[in-house]
Amino acid sequence: MVTIASKTTKEYPSLYLGLSSTIPKLIEKFLHSNGKELWMIQALLLLCCWPLPFGPKSADPSLSYSGLATSSALEIGLHRYKFPSDFKYDEPYDEGTAFMQKKTWLACFIVSQHTELGVPTCFHIDRTIINALETSDTRMPGVLKDQLRTTYLGFRISHSLGNDISSLSGLPSNRTSLIHLFETDLATARTGTSADRDASGEICFLAVKLQLYSYAFENNSSEEKEGADDGNRCEIFLRAYNAAMELVQIAVTNSSEAPYWTRQVYQSVINAMTFLLKLCSSSAPQLSAMDSPSTRNLISQGWGLLRSGSLMENDHLFRISNLVAYLSKLEEKDPQLPRLTVQSRMSANVMYDAVWRAKLRFSPEVRNMRPADYTATAVLEELSASWAENVLGEDGLFRHWNSVITNY
C-alpha cells in the first residue's frame, strides 16, 4: 500500500520507482509461503488495480497476480466464507471476518475480468457472486456494488459473444442479434444504478458498452460474407462512436483524477481511443462524418492524457501514446466498413488490431526479427545506426584509425 500510495507523492518523485523495485521479491516470498493469508490476497489485487511500471504488454504481471490471488482465495475458502472451519481446523465463524472475506472474493472476480488480454477467464460464477448481485447489503460499498454489476455484465457479454463453443475463433454467427439483446440489459443497468456511479465508474460502464459493440466488426477471414448486414453494423458503429466519444470526454474532463485511476480506467480510455481510430480508418460513406475535427481534437486530448500518465520512457502508457500518435497520422483509408485482422481475442480484438497495425512504424529489419519487445529493439537499432554513422567511414572502417590504435 505504501508503494502504491507513493505514486502520487510530489515531494519525493523518485520514491515510487525506488519502492517498486522491491515488490517482486516480496511476491516471490508470498509464492513460497506455507500458508496464504487474506492480506496477501488483497495485496495482489491492489497490484493488479495499480500495477507497477512495465513496458510491453507481455511484461504486465497482472494476469499472473490475479490468478495467484484467485487460487489462494479458493485455497483458504473465501468462496465459502460461511464455512470457515471447513478450510481451517476449528475456526470459529465471525461475522466481521466473513464480510471481509466476501468482499475480497468479489474483488477477485472483478479483477479477473480486467486483464485485457482477450482470453477467456478461468473464474466461475458461484452463489456468493449471484447473492451479492441479487440482494441488498447496506454494508457493501457503493463503488464495489457498481463495479460488480458492471463486471458481471461484461462477463456475460464476453462469454456469449467471444467464447462460443461452436466456433474456433470463439465468435458466434448471430452476433448482431445478441448485441441487440445485451443493449437492453445495458440500458436497464445504466438507468437503475447511475446514482452509485462516479466518473471512473461511468468510464468503466461505457467501456463495457464498447466491449459489446466490438463484436460488430467483421474480420478478414473467408468465413464472413462480404457486405452482410451492413445496415445493422453501421447503426451499431454509430452508437459505439457516441459511447467512445463520451468515454474519452469524461476522462479528459476529469483528468485531475488520473493519478488515482486504476489500470481498468486507463485501459478503458485506451480501448475507446483505438475504437475511434479504427472507425476513422474507414472512408465508407456511412461513417464519413466520424472522422471530423472534433473527433481528432478529442483523440489528441486523450493522447495528452495518456502521455502525462507515463512515469518513465518506454513504459506502457508511453508506448500506447506512441501507438495512438502513429495511427492518428495514417492517411490511407479503407473504402469498406472497418474490419479487423484479429478475430480470436474476444473484445480485445480491436485493441490488438491497433497494436498489429502500429507494428508497421518499425523498420522492416526490426519486424523481420520478430522480437519480444519491438520498441526496445528499435531503440537499439537506432543507437547502433547512430554509432556506425559517427565512428565508421563509408568503407566500413574506423574514421580515425590512428587515434583508435593510440588510445588502445
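Here are a few questions and answers about this predicted model.

Reader: Which residues of helix H3 are buried, and which are exposed on the face turned away from them?

Author: Helix H3 spans residues 23-31, and Ile23, Ile27 and Phe30 are buried there. Down the axis of H3, the buried residues fall within an arc of 55°, so they line one face of the helix. Their cover includes helices H1 (2-5), H2 (15-20), H4 (38-49) and H5 (62-75). The face turned away from the buried side carries the exposed residues Lys25 and Lys29.

Reader: What is the relative accessible area of Met312, a residue of the nonpolar surface patch?

Author: Good one to check. Met312 is found in the loop between helix H13 (293-308) and helix H14 (316-329). With Leu17 and Leu311, Met312 forms a nonpolar patch with about 240 Å² of accessible area together. Met312 counts as partly exposed because its relative accessible area is 39%.

Reader: Is Thr375 buried or exposed?

Author: Let's look at its surroundings. Thr375 lies in helix H17 (residues 374-391). Leaving out residues up to four places away in sequence, Thr375 touches Asn314, Arg319, Arg361 and Phe362. Its relative accessibility is 12%, and the cut-off is under 20%, so Thr375 counts as buried.

Note on methods:
Residues are numbered from 1 along each chain as its sequence is written. This is a predicted model: local features need pLDDT of at least 70, side-chain atom pairs count only at pLDDT 80 or more; totals for chains, interfaces and linings use all residues. Side-chain values use heavy atoms; hydrogens and water are left out. Buried means under 20% relative accessible area, exposed over 50%, partly exposed in between (1.4 Å probe, protein chains only). Helices (H or I, at least four residues) and strands (E, at least two) are DSSP runs, numbered from the N terminus. The arc is that of the directions from the helix axis to the C-beta atoms. Contact means heavy atoms within 4.5 Å. Patches are made of residues with over 30% relative accessible area and no salt bridge: like charges are joined within 9 Å, nonpolar side chains (Val, Leu, Ile, Met, Phe, Trp, Tyr) within 5 Å. Accessible areas come from the Shrake-Rupley method with a 1.4 Å probe; for residues, only the protein chains shown count as cover. A salt bridge is a side-chain nitrogen of Lys or Arg within 4 Å of a carboxyl oxygen of Asp or Glu.
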